[in-house]
Amino acid sequence: MNATAVIAEAFARLPAYLGGHVAVSLTALLIGLAISLPLAIASLRSPALRSVLLGVASIVQTVPSLALLALFYPLLLGVAMLTERSFGASFSALGFLPSVLALTLYSMLPVIRNTIAGLDGIAPAIKEAAQGVGMTPRQALVMVELPLALPVIMAGIRTAAIWVIGGATLSTPIGQTSLGNYIFTGLQTQNWVFVLFGCAAAAIFALVVDQLLALMESGLTRRKRGWVMGGAMGLVLITAASLAPGISQPRASYVIGTKPFAEQYVLAALIAQRLGDNGLSATTREGLGSAVIFDALRSGEIDVYVDYSGTIWANQMKRNDVKPRGEVLSEMKDWLKRQSGIVLAGGLGFENAYALIMRPDRAQSLGIRTLADLARHAPSLSIAGDYEFFGRPEWQLLRQAYGLSFREQRTMQPEFMYAAAASGEADVIAGYTSDGRIVQNKLTVLDDTKHVIPPYDAVLLVSPRRANDEALLAALAPLIGSVDVSTMREANLRASNGASPAEAARWLWSEIQKKR
Amino acid sequence: MSPAAVIDFENVAKHYGEGAPVLDSVSLAIHEREFLAVVGPSGSGKSTLLRLINRLIEPSSGTVRVNGEDVQRTDAVLLRRRIGYVFQGVGLFPHMTVAENIAITPKLLGWDEARMAARVDELIKLVRLDVTKHRERLPAKLSGGEGQRVGVARALAAEPKIMLMDEPFGALDPLTRDALGEDYRRLHGELGLTTVMVTHDMLEAMLLADRIVVMRSGRIIADGTPDALLNGAQNDYVRELMAAPRRQAERLRALERR
C-alpha cells in the first residue's frame with residue numbers, strides 16, 4: 001500500500017476514531033470538573049479535607065495512565081457481576097465506562113491544585129472588602145473570589161484537558177475506540193504513517209480544545225461575552241460534529257474483536273470480509289488485551305474473535321498438562337460450551353504457538369538444535385519475550401522440563417523482538433510460530449523435543465448470544481481448517497510490511513480459494 | 001448628651017488566646033451626626049474597635065449596640081449593608097468597573113438597574129469624579145486619590161447613616177489627602193452622617209473630627225473635642241501627641257512672618 005493510500009485509509013477511519021476520542025475525553029473532563037471544582041472549594045474551609053484531597057490526587061497522578069486505565073476494567077467487571085447477581089442488571093465493563101472513570105480521576109489533580117492555589121492567592125484585603133460591603137460567604141465566592149482566581153483555575157482546566165486528551169489514546173486496549181487505535185494498530189503492523197497520524201490528530205485536537213478554553217478565559221477576564229460564547233460554541237460544535245457520524249451510521253450488527261497484533265488484525269479483516277460477502281455488517285474492536293477479550297466475548301460485547309487453544313487451556317481452564325492438538329480442541333469445546341455458552345466454531349488450521357527462536361549462525365556455532373541443547377548454554381545467553389510470556393504457565397513448564405535458566409530476561413514489544421534476535425541484541429526470543437518475521441529474518445525455531453509447549457491452534461470463538469446464529473456460523477464455515485501456517489506467515493509478513501490488514505486478508509482469501 | 005447613642009460600646013473586650021487583650025473593657029457612646037476620630041499607635045486596638053461595629057470581628061465580652069440594637073442579635077450581613085465602610089488602602093474589587101464597585105451594596109440589596117445607574121452617576125459627581133471619564137474604568141486605571149474617592153462613593157451607595165473609615169486617606173499624597181478630607185467633611189455634614197474614622201495622624205483627626213478618642217494598649221486614654229485635648233490634656237502621652245501638630249503649626253507661622 002503506498003503512502004497516499006495509507007493516508008486515505010487513515011482519513012477514512014478518522015470519523016470513528018475521533019468521535020470515540022472526543023466522547024471519552026470531553027465526558028471525562030466534564031465529570032472531572034464537576035467533581036474537582038466543588039471539592040476544591042469545599043476544601044478551602046477544611047485543611048484536613050484539603051490535604052487528603054491533594055494527597056489522593058497526587059497519588060493518582062503517579063500511577064501511569066495506562067495502568068490506571070487497565071485497573072478499571074477488572075474493577076468494573078467485578079461490580080458488573082455483583083449487580084448482575086443482586087439486581088439482575090449488568091453493564092458494560094469494557095470501553096467507554098472504565099476509560100471515562102480513569103481519565104476523570106486523571107483530570108482532577110491540576111484542577112484541584114489550581115483552584116486551591118487561585119483562591120488562596122486572593123489578597124486578604126479584597127476578601128475583607130467583600131465581607132465589609134455586605135456579601136454572604138457564597139456571594140463573596142461567586143462575585144469576587146472565583147472571578148479573581150479564574151486565570152489560575154483556567155490554567156488548571158487547560159492542563160487537565162491536555163492530559164485527558166493525551167491519556168485517552170491509551171484507552172484503546174480496554175476497548176474504547178480512540179485516536180489511540182491509529183497508534184496501537186500502527187505499532188503492531190509497523191504502519192508508521194498511522195502512528196504519526198494518530199499522534200498528530202490527538203495533538204491537534206488537544207491544541208484546538210486548549211485554544212477554545214483560552215478564548216473563553218480571556219472572554220471571561222476581559223468581559224467579552226462574545227468570546228466566551230464563541231469558545232463554548234466551538235466546544236459544542238466539535239462534540240456534535242464528531243459524535244454525529246456515530247449516530248447517523250447504521251449500527252453494524254456484528255462486532256469482531258482483536259488482540260493487539262498483526263495476525264489478529266488480518267484475521268478480523270478476513271472475518272469482516274466474509275460477513276460482508278454474506279450480507280452481514282460488522283465492525284471491529286481492535287487491540288483488546290488477552291484477558292479483556294475473552295470476558296468481552298463471554299458478556300456479548302463482541303460477537304466473534306480468534307483465540308489460540310493454548311491460551312484458553314492455560315489461562316481460562318487453568319490446565320497445565322499437555323495433550324495432543326485434537327484432544328485439547330475437543331475438551332476445550334466442551335468446556336467452553338458448558339462453562340460459559342461460548343461456541344468454538346472450529347480451528348482455522350494453523351497453530352500460533354510460542355517457540356524459542358535463535359539466529360541460525362549463533363545456534364550452529366553453539367551446537368544448539370533443541371531446547372535440551374539450549375539449556376546447557378542458557379546461563380550465558382539472554383532471552384527476550386512479549387509482556388505475557390514470562391508470566392505464563394508454559395514458561396514455567398519449559399523451565400522445569402529443560403532446566404532453562406538465562407543470564408538475562410527482557411520483555412519487549414513483539415514487533416521489535418525478531419529484529420533483536422537478528423541483530424544479536426537478544427540471543428533467544430520467545431516468538432510465535434505463525435509470525436512472518438521468522439522467515440523474513442531467517443531465524444531458526446528450536447525443537448521442543450519433550451513436547452512441553454501446549455498446542456496453540458487458532459480457533460474461531462462465537463459469543464453465547466450468537467450461539468445459534470446460523471447466518472454468522474455459515475459465513476465463518478469456509479474459514480475452518482483452511483489456513484496453513486506458511487500461508488498465515490506470508491499474510492502476516494505482508495501486513496507487517498506495509499500492506500493494510502484488509503489487503504493481507506484479501507490475499508489470504510484468494511489463497512484459501514486456490515486450495516479448494 | 002441629649003440625643004441617644006447611635007453606636008454604643010459597653011465594657012467591650014476582645015482577646016485572642018491567652019495573650020494581652022487587644023481591647024480591654026472599652027465603653028464609648030457615639031452620637032448621631034458626630035464625626036469621631038479614633039487615634040492611636042499601631043496595635044492600640046483602634047481598628048478592632050471599628051470592626052466590632054459591623055461585626056467583622058466578634059467581641060469576647062461586652063455589648064456593642066447600633067441604633068440601640070445589640071449587634072450580636074442582628075444578621076451580620078444585613079448589618080454591614082446598612083453601614084458604609086471605607087477600607088484602608090482602597091479595597092476596590094479589581095475585576096469590577098468603577099460603576100460596578102459603587103453599585104455593589106445596592107445590588108446586594110436588590111435595587112433595580114435604573115435606580116442603581118442613577119445612584120452611581122449621582123455618587124460619581126458627589127465625590128467629584130467625572131462620569132464620562134471614570135464610570136467604566138477598572139480600578140487599576142485610577143490614581144490613588146481617584147480610587148479612594150470611589151471607595152467613599154461605594155461606602156455611601158446604599159445611603160447608610162453610619163460611615164466607618166479605616167485610615168481612609170493614609171496612603172495619599174498630602175494635597176490629595178487634604179482635598180479628599182475637606183470633601184468628605186462636607187459630605188458628612190450634608191448627608192447627616194455619623195462617622196467613625198480611624199487614623200494614626202493627630203493633625204488629620206484635629207482638622208476633620210468633632211471629637212477625638214485616643215487609644216493605647218486596648219484602652220481609651222483620652223476622649224474630647226480637639227479644642228479640649230489641645231488645651232487641657234490630662235495624660236503625658238496625649239500631651240506628647242498634641243505637641244507635634246502644635247510645633248508644626250508654630251514653625252509654619254514663624255516662616256510666614258518673614
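How are α7(A) and α8(A) oriented to each other, roughly parallel or roughly antiparallel? Let me get to that through the model itself.

This is a predicted model, in which local features need pLDDT of at least 70, side-chain atom pairs count only at pLDDT 80 or more, and totals for chains, interfaces and linings use all residues. Residues are numbered from 1 along each chain as its sequence is written, while chains are lettered from A and ligands numbered from 1 in the order in which they are written.

Confidence, then. The model has an ipTM of 0.88 and a pTM of 0.72. pLDDT is the predictor's confidence in each residue, from 0 to 100. Chain A averages 86, with 96% of the residues at 70 or above. Chain B averages 89, with 98% of the residues scoring at least 70. Elements here are DSSP runs numbered from the N terminus: helices are H or I with at least four residues, strands are E with at least two. In chain A, the lowest mean pLDDT belongs to α3(A), at 77, and the highest to strand β3 (residues 304–308), at 94. In chain B, helix α11 (residues 236–257) is lowest at a mean of 83, and strand β3 (residues 35–39) is highest at 95.

Now the domains. Chain A splits into domain 1 (3–248), domain 2 (254–351 + 456–514) and domain 3 (354–445). Those bounds come from an automatic or database domain assignment. The centres of domains 1 and 2 of chain A, taken over C-alpha atoms, are 36 Å apart. Contact means C-beta atoms, placed from the backbone, within 7 Å. For the classes, Ala, Val, Leu, Ile, Met, Phe, Trp, Tyr, Cys and Pro are nonpolar, Asp, Glu, Lys and Arg are charged, and the others, Gly among them, are polar.

Back to the opening question. α7(A) and α8(A) pack at about 160 degrees, with axes 7 Å apart. Axes are lines fitted to C-alpha atoms, for helices over the stretch in contact, and angles run from 0 to 180 degrees between N-to-C directions. The two helices are therefore roughly antiparallel. The cut-offs: under 35 degrees is roughly parallel, over 145 roughly antiparallel, 65 to 115 roughly perpendicular, and the rest oblique. This crossing is left-handed. Left-handed means the near helix is turned anticlockwise from the far one by less than a right angle; right-handed means clockwise. The contact includes A:Tyr182 and A:Ile183 of α7(A), and A:Trp192 and A:Phe194 of α8(A). Its residues are eight nonpolar, four polar and no charged.

α8(A) has another partner. Helix α1 (residues 3–43) of chain A packs on α8 (residues 192–221) of chain A at about 40 degrees, axes 10 Å apart. That makes the pair oblique. The crossing is right-handed. Among the contact residues are A:Leu14, A:Leu18 and A:His21 of α1(A), with A:Phe197 and A:Phe205 of α8(A). The classes are 11 nonpolar, one polar and no charged.

One more pair. The axes of α10 (residues 262–277) and α20 (residues 485–496) of chain A come within 9 Å and cross at roughly 105 degrees. These helices are therefore roughly perpendicular. Contact residues include A:Glu263 and A:Tyr265 of α10(A), and A:Met488 and A:Asn492 of α20(A). Six are nonpolar, two polar and one charged.

Last, the chain interface. 16 residues of chain B contact 14 residues of chain A. On the chain B side, α2 (76–82) and α4 (104–108) each give two or more residues. That side divides into eight nonpolar, five polar and three charged.

Definitions and conventions:
Two residues are in contact if their C-beta atoms, placed from the backbone, lie within 7 Å.
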